[in-house]
Amino acid sequence: MSDLTLAVDIGGTKFAAGLVEPDGQVVTAERAATPQGGDAETLWRTLTSLLDRLDVPAALAGVGVGCGGPMTWPEGEVSPLNMGGWRGFPLRGRLAARFPGVPVRIHNDAVCLAVAEHWCGAGRGSAAMLGMVVSTGVGGGLILGGRLIDGGTGNAGHIGHVVVDPEGPPCGCGGNGCLEAIARGPGLAAWALAQGWSPGDAATEGDLYREEGTATARRLAADAAAGDAIALAAMARAGRALGVAIASAVNLCDLDLVTVGGGLSQAGDLLFGPLEEALREHTRMEFAGRVRVVPAALGQDAGLVGAAALVIEGDRYWRPGL
Ligand SMILES: [Zn+2]
C-alpha cells in the first residue's frame, strides 16, 4: 500500500487534485477551471480528467475531499452554492467507487482550510482555534481540545452567519446582518459602489482593473492601499464586522487563536487594524483577552493539505466510525 493520500479541492472557480505525503507535503498537483454552467457529468469529467493527469498510484492511503457547501455529511452528497450542475451529487460515493477499499472522507472546503492551518500552518499547536476564510463567502472551521469540531451535522464553524448587525443587509442564507453579508468581497464592493466608490481611480493598476470589468474586493483592497477614502472605509467596515464576530466566537469557545485567510486578508493592516480594535472592545473578560488573530500561513495548496488531513490525521480531524 502506498503512503500517499489523494486530495481533492472543489471550488466555484477551480478544481484541484494532488498527492500528499504523510507529513503534509503536496508532491504533485493539477488544477482546472470549474466549467461554468456545466451539468453534473461535465463537472465529474472535469474532476476525473484531473485525476488521470495525476498518475495516481494503484494503492493509496485514502482520499480526502474539500468541497463548497452545502452537503449532506458525512455521506457527501454535495450541492455547492455556486455550482448549479451538482445538486445532491454523490461525490463521496462516486470517488469511493473509483477508489475501492480505502477511506474516502469529505468536508466543507472552509473546514479543510481551517484544518490545514491547524495541521501545518499558522495554527500549529493551538488547542482552541477558529480558522476563517474571507473571500466570495465567509467560512470557517473550529478546533477545540486539539480536535476538529463537526457539530451535529458537520456544520460547526459557520462564522459567516454569526449576526453582527441585526439591522444589517440581507444575507444569502435568508437572514439579515450576518458577518458574510457585510464582509464577503462582493458585498463589500457593492457597499463601496453605493457610497460613490469609483473602482481603480486611486490604484496604479487602474486601467488593468477597468478592463476586468467587475468590482472586486481585490480592487477595493488596492484602492484602499492607495489611499482612496471610500475604499478605506470599506476595509474598516469589514474589519469591524470581523472583529465583532470573532469576539463572539472567542467568548463562546474560549479560543486562543484565529487565523484569517482569503483574498480580503491580503489587505493587511487596513483590515486587521479595525478588526483588532473591534475585537478588543468586545473581549473584555480576562480569558478572552489572550486571543491572537493572525493571517493564514498556507498558500494555494491549503485546500489540498486540509483535505488530505481528513485521512492522514483522521484521529484529530475525522470522527471515528464515519
Ligand atoms: Zn447569513
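Predicted model: local features only at pLDDT ≥ 70, side-chain atom pairs only at ≥ 80, totals over all residues.
Residues are numbered from 1 along each chain as its sequence is written, and side-chain values use heavy atoms, with hydrogens and water left out. The chain is divided into domain 1 (5-108) and domain 2 (122-297), with bounds that come from an automatic or database domain assignment. The C-alpha centres of domain 1 and domain 2 lie 27 Å apart.

**The sheet with β1 to β4 and β8**

- Five strands make up an open sheet in the order β3-β2-β1-β4-β8, and the pairing is mixed; two strands pair if DSSP finds at least two bridges between them.
- β3 and β8 (104-108) are the edge strands, each pairing on one side only.
- From one strand to the next, the twist averages 15°; axes are lines fitted to C-alpha atoms, for helices over the stretch in contact, and angles run from 0 to 180 degrees between N-to-C directions.
- Strand β1 (residues 5-10) pairs with β2 in the antiparallel sense over six bridges, and T5 stands opposite V20 in β2.
- β2 is also joined to strand β3 (residues 26-33), by seven bridges and again running antiparallel.
- Across that pair, F15 faces A32 in β3, while G18 has A29 in β3 as its bridge partner.
- The hairpin of β2 and β3 has five residues between the strands, and G24 in the turn has a positive phi of about 95°.
- Helix α2 (residues 91-98) lies across β1, β4 (62-67) and β8, running at about 155° to β8.

**Burial around β2 and T5**

- Strand β2 (residues 14-20) has six of its seven residues buried, so it is largely enclosed by the rest of the structure; buried means under 20% relative accessible area, exposed over 50% and partly exposed in between, with a 1.4 Å probe and protein chains only.
- T5, found in strand β1, counts as buried because its relative accessibility is 0%.
- Leaving aside neighbours within four places in sequence, T5 is in contact (heavy atoms within 4.5 Å) with residues including L60, A61, G62, A308, V311 and I312.

**The sheet with β9 to β13**

- A second open sheet has five strands in the order β11-β10-β9-β12-β13, with mixed pairing.
- Its edge strands are β11 (147-148) and β13 (292-295), each of which pairs on one side only.
- Strand β10 (residues 138-144) and β11 run antiparallel and are joined by two bridges, with I143 opposite L148 in β11.
- Helix α8 (residues 229-253) packs on this sheet, touching β9 (128-134), β10, β12 (257-261) and β13, and its direction makes about 155° with that of β9.
- Helix α9 (residues 269-282) packs on the sheet too, touching β12 and β13, with its direction at about 165° to that of β13.

**The zinc site**

- H161 (ND1), C171 (SG), C173 (SG) and C178 (SG) are the protein donors of the zinc ion, lying 2.0 to 2.3 Å from it; donors are N, O and S atoms within 2.8 Å of the metal (3.2 Å for Na, K and Ca), and water is not among the atoms, so sites may look incomplete.
- The site is tetrahedral, with angles of 106 to 119° among its four donor atoms; four donors count as tetrahedral if all angles lie between 85 and 135 degrees.
- Along the chain, the donors follow the spacing H-x9-C-x1-C-x4-C.
- H161 and C173 both lie in the loop between β11 and α4 (179-183), so the pair ties together parts that are 12 residues apart in sequence.
- H161 is partly exposed at 29% relative accessible area, and C173 is partly exposed at 49%.

- Helix α7 (residues 217-225) has seven of its nine residues buried, so it is largely enclosed by the rest of the structure.
- Those buried in α7 are A217, R219, L220, A221, A222, D223 and A224, and just after α7, G227 takes a positive phi of about 100°.
- In helix α5 (residues 185-194), the buried residues are G185, G187, L188, A189 and A192, and they pack against α4, α7 and α8.
- G196 follows α5 and has a positive phi, near 105°.

Key
Helix = DSSP H or I, 4+ residues; strand = E, 2+ residues; numbered from the N terminus. Tetrahedral: all angles 85-135°; square planar, octahedral: opposite > 155°, others 65-115°.
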